[in-house]
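Hi,

Here is the structure I said I would pass on. Have a look at it first, and my notes follow below.

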Amino acid sequence: MPQKALESRTAQSASAGRQQTVASQLVQAINALRKSRGLTPFVVSAKLASAAKQHTREMGADGYFEHESFDGSAFWKRIERWYPSRGWNFWSVGENLAYESPDITAEQGLAMWMNSPPHRTNLLSKSWREVGISVMHFANAPGEYDGAAVTLVTADFGLRR
């Protein structure tokens, strides 16, 4: 294998590790905040994390920043594909997004959301029980990012009972 290819793969691996660390730190920071307010901590949901990952990847690849999917469909329809409502008496989901160029820390993400009333409401909601977070870095994001390096964050919240 050529040396450049090996270096590139190693860099991608390190970047993915940093992104996973930021996602984990963000869950910890959110749960510490919730606990300090007397709220139940979120349980990490692999299904919500998969929904978040798919949306984050799509936004970065297609160069947009919206709750709606690239095809214009509502965010809850996308989440429902990963976190089904079928078989449950009650189902509800929400979503927070953030991005920074070139990178974002858990502290920055949490601060952005806490400074935005609708995002703060999701973080401090008594309704949600589960969360899935995705953090992805794009070296040359197209569209509204103008080819800049950006890190996107998607947090999907849910409740099924």
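A quick definition before anything else: I call two residues in contact when they have heavy atoms within 4.5 Å. Bear in mind that this is a predicted model, where local features need pLDDT of at least 70 and side-chain atom pairs count only at pLDDT 80 or more, while totals for chains, interfaces and linings use all residues. Residues are numbered from 1 along each chain as its sequence is written, and side-chain values use heavy atoms, with hydrogens and water left out.

Start with Phe90. Setting aside neighbours within four places in sequence, Phe90 touches Leu159, Arg160 and Arg161. Phe90 sits in the loop between helix 3 (75-82) and strand 2 (91-100); helices (H or I, at least four residues) and strands (E, at least two) are DSSP runs, numbered from the N terminus. At 35% relative accessible area, Phe90 counts as partly exposed (buried is under 20%, exposed over 50%, partly exposed in between; 1.4 Å probe, protein chains only).

Four strands make an open, mixed sheet, ordered 1-3-4-2, with strand 1 (43-44) and strand 2 at the edges, each pairing on one side only. Pairing here takes at least two DSSP bridges between two strands. Strand 1 runs parallel to strand 3 (residues 130-138), with two bridges, and Val44 is opposite Val131 of strand 3.

As for the helices, helix 2 (residues 46-62) lies across strand 1, strand 2, strand 3 and strand 4 (150-160), at about 30° to strand 3. Angles run from 0 to 180 degrees between N-to-C directions, with axes fitted to C-alpha atoms, for helices over the stretch in contact. Helix 3 lies across strand 2 and strand 4, at about 110° to strand 2.

Cheers
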